[in-house]
Amino acid sequence: MSQLRIINANISTPTGTTARKGADMAVLSHIENGGIVIEDGIISFVGPMSDMPEAPAGCEVIDAKGHAVLPGFVDSHTHLIFGGYRPDEFEWRLKGDSYMSIMERGGGIQSTVNATRGETTEALVEKAQWFIDRMSEMGVTTVEAKSGYGLETGTELKMLDAIDTLADRPDQKLRVVSTFLGAHAVPKEYKGRTSEYVDLMIREMIPAAKGKARFFDIFTEKNVFEIEDSRRLLNAAREAGFELKLHADEIVTLGGAELAAEVGAVSADHLLHVSDEGVRRMAERGVVATLLPLTAFALREPFAPARKFIDANAAVALATDLNPGSCFSGSIPLTIALACIYMGMTIEETITALTLNGAAAVGLAAETGSIETGKSGDIVILNFDTYRSLPYYVGMNCVRTVISRGRVVTENK
Ligand code: NIG
Ligand code: FE
């Protein structure tokens, strides 16, 4: 049996095996001078040092004296598998072009689709591994990864294969959860024939992806998949056994949040332009609101109304949305800073959103997202003695040690 111990730690964590909602998001439990025992990857003890069981001879011990200890971060929304890059579009946007106008003239997602179709699985895997290694340095111990740059059966399956390969690497630094996003855009071959692409997805792509991803996601947006097409696809995906997610109300108010509640999605994401009714229905139905402040920042859009969600007793998660277009950043430190500075979230709410609620957004709240007995040994040790300093170090990485599934995977010294 392998054992890892963390001693003299200043532990802060949300608790529970489901998302924390509303005012409960601000409640962390704290243990000063605490200890953690992880056996075979699972936390078997957390509590005051005085209650810690005897250490067996020769077990690995990390002395965390003077360091704050938190659960590993969960980045519950990324597009980390992709071919090519789009720096030209970034410059066009700096000069005033909008994200949707670039997409409408054949760039945007379609440009990454062209590049991804030409890549081998191996090349996609190695490129994504680089991003995973950087995420691990920032304390991420679980990441969600989407397909969605194939928009044809073969390339979508190639992307899901790449995600699987990453997830199954024996020394992988973090847990990878996969999402099928064949409904990311209408591919150029089907331009102007959206309903035929929807038919193809229902007839061929959803059955082909069945069992190869946990979640089904869709870009529900004006001039992409509008409400009726989204509803058809989401219902077909649910029948095929997928759990559901939506990119909802990202660019305009369309009713994506309301649809997420109607179909019982696990999460609705983005929500920059969510209606008050959408907030209310998501809260009522228990749909996690996954907010992606880096995207709002990179697109110069208003931030999502985090406070409205929390005040409506909804569960909010925070994630990066790392992708080569709308948001080419996987920065956890900047996500934290933007949430606290611009979205009015408290530090405690931000931590819950990036840990337990992120885990709930990928259906893993019983397994990770908090430091509790029976959960996976996913833990970050910070460079300073209180979690309260996290947003103060704006955009700076203050993670010192990352433990993932009971193994030290990253040390930033
Ligand atoms: O979450 N809006 C749709 N999907 C992504 C962007 C993908 C891309 O631009 O490549 C998003 O913003
Ligand atoms: Fe996204």
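How far from an oxygen atom of ligand 1 does a polar side-chain atom of H270 lie? The distance is 2.8 Å in this predicted model. Local features here need pLDDT of at least 70, side-chain atom pairs count only at pLDDT 80 or more, and totals for linings use all residues. Residues are numbered from 1 along each chain as its sequence is written, ligands are numbered from 1 in the order in which they are written, and side-chain values use heavy atoms, without hydrogens and water.

Around ligand 1 stand 15 residues, with R86, Y99, Y149, H270 and S326 the closest (a heavy atom within 4 Å). This shell divides into 4 nonpolar, 8 polar and 3 charged residues, with Tyr counted as nonpolar and Gly as polar.

The open pockets come next. The largest pocket has a volume of about 360 Å³, the space filled by probe spheres set on the grid points. Its lining has 15 residues, and M103, E104, V186, K191 and N223 lie nearest its centre. Helix α2 (residues 99-104) gives the largest share of that lining, 3 residues.

The second largest pocket has a volume of about 250 Å³. Of its 13 lining residues, R93, D97, A298, L299 and R300 lie nearest the centre. The largest share, 3 residues, comes from α1. By class, this lining has 8 nonpolar, 1 polar and 4 charged residues.

Key:
Polar contact = N/O pair within 3.5 Å; in protein donor to acceptor, adjacent residues only side chain to side chain. 1 Å grid on protein atoms, 1.4 Å probe; cavity = no way out; pocket = protein on both sides within 12 Å on 5 of 7 lines; lining within 4 Å. Helix = DSSP H or I, 4+ residues; strand = E, 2+ residues; numbered from the N terminus.
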